[in-house]
There are 2 protein chains.
Amino acid sequence: MNPTISPRTDTRWWGWGDPDVETDVGARVRELLNLRGLEIDPSGLDQVRSIEAVAIPEAKRIPDAVLAAAGADWVLTDHDSRVRHATGQSLEDLLTLRSGVVPTAPDAVVIGRDGAQILAVLEAASRERVAIIPYGGGTSVTGGLKVPEGIDRPVISLDTIGLDGVEVDPISRTGRLGAGLRGPEAEEAVNRFGLTTGHFPQSWEYATIGGFAATRSAGQASNGYGRFDEMITGLDVVTPDGVLRTPRVEHAAEGPSLLDLVIGSEGAFGVITEVEMRLAPIPDTSYVVWLLPDFESGIDCVMKMAQRDALPAVVRLSDRTETSLNLAMSGPAGVAGAALDAYLGARGRSDGCLMIVGYEGEPGENASGKSDTNSLLGRAGGIRLGARPGEAWARSRFHGPYLREGLLDLGLVVETFETAAPWSEYVDAYVSIRDATLAALERNGMAGELLCHLSHAYPDGASLYFTLVSTPGARGPVESWIAVKGAVLEELLELDLPVSHHHGIGRDHAAAYARRVDQVGLEALDATKRSVDPAGIMNPGCLLPMSFHHTP
Amino acid sequence: MNPTISPRTDTRWWGWGDPDVETDVGARVRELLNLRGLEIDPSGLDQVRSIEAVAIPEAKRIPDAVLAAAGADWVLTDHDSRVRHATGQSLEDLLTLRSGVVPTAPDAVVIGRDGAQILAVLEAASRERVAIIPYGGGTSVTGGLKVPEGIDRPVISLDTIGLDGVEVDPISRTGRLGAGLRGPEAEEAVNRFGLTTGHFPQSWEYATIGGFAATRSAGQASNGYGRFDEMITGLDVVTPDGVLRTPRVEHAAEGPSLLDLVIGSEGAFGVITEVEMRLAPIPDTSYVVWLLPDFESGIDCVMKMAQRDALPAVVRLSDRTETSLNLAMSGPAGVAGAALDAYLGARGRSDGCLMIVGYEGEPGENASGKSDTNSLLGRAGGIRLGARPGEAWARSRFHGPYLREGLLDLGLVVETFETAAPWSEYVDAYVSIRDATLAALERNGMAGELLCHLSHAYPDGASLYFTLVSTPGARGPVESWIAVKGAVLEELLELDLPVSHHHGIGRDHAAAYARRVDQVGLEALDATKRSVDPAGIMNPGCLLPMSFHHTP
């Protein structure tokens, strides 16, 4: 790569993705939201239209020793680079960017070139009391990239974009991939060997291999290929204390898993520079859509498939609210359109729950699985809507984040949160979380719709993914959302369920995470951090709350 | 349980298992070994025939505060209990027991009753400088239970036999099991719900749930159900610093995995008291045996099955040496017998490699898998020997360890070691390890046979399990074996392969393990240990070498 070119300039600076992609949610959705009492304000939420006009704090000086370790050509201090590395993509981040006032930003961006340079930077930063925030694709939705307010020392955003190596073992079907490769770059590189990563989270177009590992990412086809944390067979992490390369060949009885200690560490221990992972043959794919009578019967079907070890690679079941919004969408993110309404009317079905079922495998591999799934869903009262809406979903599977921009433009806030629950508690958890969220909306003067889907299933339980679309609330969009999210986290802690299924901890969940992990576990993690990061420079306040070992 | 009854008295004190089970290897094997130049000495290796006659060091005094924390009824200090808790089941352990002189033994045995009592014991032991060696089923083959020589303080063997709770969630198909349950006890408890653990290592009859977790065990059907470390969804570990209960619901993006930090910790961090694990429906099973032309063609078939995600629950492929010994065995551990020889003769095949293929699943579930496997193995030149020898294998699957007693009785030493390798290096690794082992035998004046099988496969590689049968060597059986094992470990380190696939680290692999895990990783593990075990009392010298944080 050419280090003199500022990276990450191919995306909207104020939000998600390619600036040329349309973000309008479409007339039918607007109408539906209006019908449901969500007051649409076509002037939208505040938006400063130029990155030059965004206010960020003046940069602190980076000590020369740190700049020298990075190499002058690999350091960016321009306004645009600092703004672009100041946030991720959470609702709070987007509202902050749109407001034109970004309260904290890194003082410089260092482009990571290789492990040796990164180690030199971390060693110098440890001596010079400079904090380091590792930056992959910038898609964190949990505050993982945010410079903490009140920090009294320089902060560097260490962008892994220069780590782009690719080595493939086509016989063992593994690849050693540079942490800075974005999803499509990694995919293209391994496709040349007839292989796929099989990892396609909604953030895939921009998120990086290192980010997937650092946050325990789960892709849309995780039922088929596993979560990203399950695909990883080894990795290198550069810590201030030196390089940790996990022991080669993970199928072993060799003590506690150092691999699983680094996976999910979100930059608090070091910078993941290389990831070795399992790959799979490029599959034949087919996606079909079913309409189940209700959420409960759909859940029961997914449980049966998961427990029979007969889960299609993709299974995505929407509750009724999400289904009605999906059906209203005729654009790239919709599965249906008016023709489908007519079809359903003719079958006497005006509501229900959409289920996307995606098969990925070698030709013929899924034949018996498909027929079993068809009988199961048919017996549960499902109507097979066929492959056309399924393929429409597949084409639009990375489009979701764009819609958030469109909804913000309508003056609505939209955010997601996710957890997982055992099957025996699944429906109760769904109801409790939904009730708690709706009650919090009401308390905060917000009118909203709460959508939910199940998209990652396991023999013992499944994920719950909620999307909230609502009016901004009386206290303003940021404060109102923080209040609602706080109520959600309390409910999850009360139910003893994860505070995240695949978005991670970041800074937004750090306090709740500390309550999930009891004191003994938290102290053990802190001890690990002190060992690899004695000066406490790595990603202060991310994963472990600021009260733990971080730069004072 | 009744604490006044000494536990673990239903086994041979000098070796494996039920004293009433026959250990003779049979005339055909004796003859074959003789033919191959292994000099059989029917007087066998030394054996003291009475536990009373075994010499152990005098017991150090256990401080009163520790005894009080345990509860007087839960402390055993009698000679038999001390001998029975002094070793595991490694070759070195067995030879030591047979010699009648056991150089180190615990000073007392504490029967673990529940988490609160164990915490009280660990707290008192931390204050009083008493070392604790957690003891599950006593089946360690890596020195995990051995009191280190020269330790200057009292040592307690903490036997988890009292931890026998069972709670099952039949909907989510998970169970919370007491760590002290032996394999059959756990299995019987969950069978009542129509479920199975799916975990059947060769040590199953005596090893415990806690031991499986502490050592990253892998069962014979791990292809179908996963390794034990993959089945675990949560656990409680009592550390000197307090109880660590891992966060509920493991399918989450909640930071580094505390679960995988405790799994494999081999008692160095604390005592695992409860394990929550996935369960599966009790399957229909069928086992068939095939004969492949050679090891390489069999390996290629297993790789294809693993990479197609079409692995039968059990796949066990023996190399030619192991095959010839297996075919010679007509007793409970043999798959064949004379009738089979005749059959093979008639088919014009006098050698080859046996493959056991076991299907476990719901009725009908494996139909298409079976037919695919049959075609694959047939195309590779395999001959299907049918279900009768397969069922014979299944009946005798836990009998292997008894044969070791029989071989020791013939004056031969026998031991196993295992590793794993990527598919791209598998055959080369097999040849290198075999060559290195045979060269070490020769250097040490030992005449031996080296058997190998592949029994655990993954999409990216598989295990290699070696069994050595040899004459004792000029320096005596223990010293000679230690020299050979040292050469094996050097070869594994040279090949950059695991020092164990499923036996664990214990004390015997601790130094080699420290070389596998680089300095940064070792320091991180040591930091974790210092955090949970500040006084360094937990299993000194096990997992981490004595030079790391242990009682000084």
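Chain A is divided into domain 1 (54-282), domain 2 (284-396) and domain 3 (401-504), with bounds that come from an automatic or database domain assignment. This is a predicted model, in which local features need pLDDT of at least 70, side-chain atom pairs count only at pLDDT 80 or more, and totals for chains, interfaces and linings use all residues. Residues are numbered from 1 along each chain as its sequence is written, while chains are lettered from A and ligands numbered from 1 in the order in which they are written.

Q: How do you know that domain 2 and domain 3 of chain A are in contact?
A: Two residues are in contact if their C-beta atoms, placed from the backbone, lie within 7 Å. The contact between these domains takes 16 residues from domain 2 of chain A and 15 residues from domain 3 of chain A.

Q: Which element gives the most to the side of domain 2 of chain A that touches domain 3 of chain A?
A: That is H11(A), with six residues. Helices (H or I, at least four residues) and strands (E, at least two) are DSSP runs, numbered from the N terminus.

Q: What makes residues on that side of domain 2 of chain A nonpolar, polar or charged?
A: Ala, Val, Leu, Ile, Met, Phe, Trp, Tyr, Cys and Pro count as nonpolar, Asp, Glu, Lys and Arg as charged, and the others, Gly among them, as polar. The residues there divide into nine nonpolar, three polar and four charged.

Now for the two chains.

Q: How many residues of chain B are in contact with chain A?
A: 71 residues of chain B are in contact with 71 residues of chain A. The largest share of chain B's side, 11 residues, comes from H20(B).

Q: What is the angle at which H20(A) and H20(B) pack?
A: About 145°, with their axes 8 Å apart. Axes are lines fitted to C-alpha atoms, for helices over the stretch in contact, and angles run from 0 to 180 degrees between N-to-C directions.
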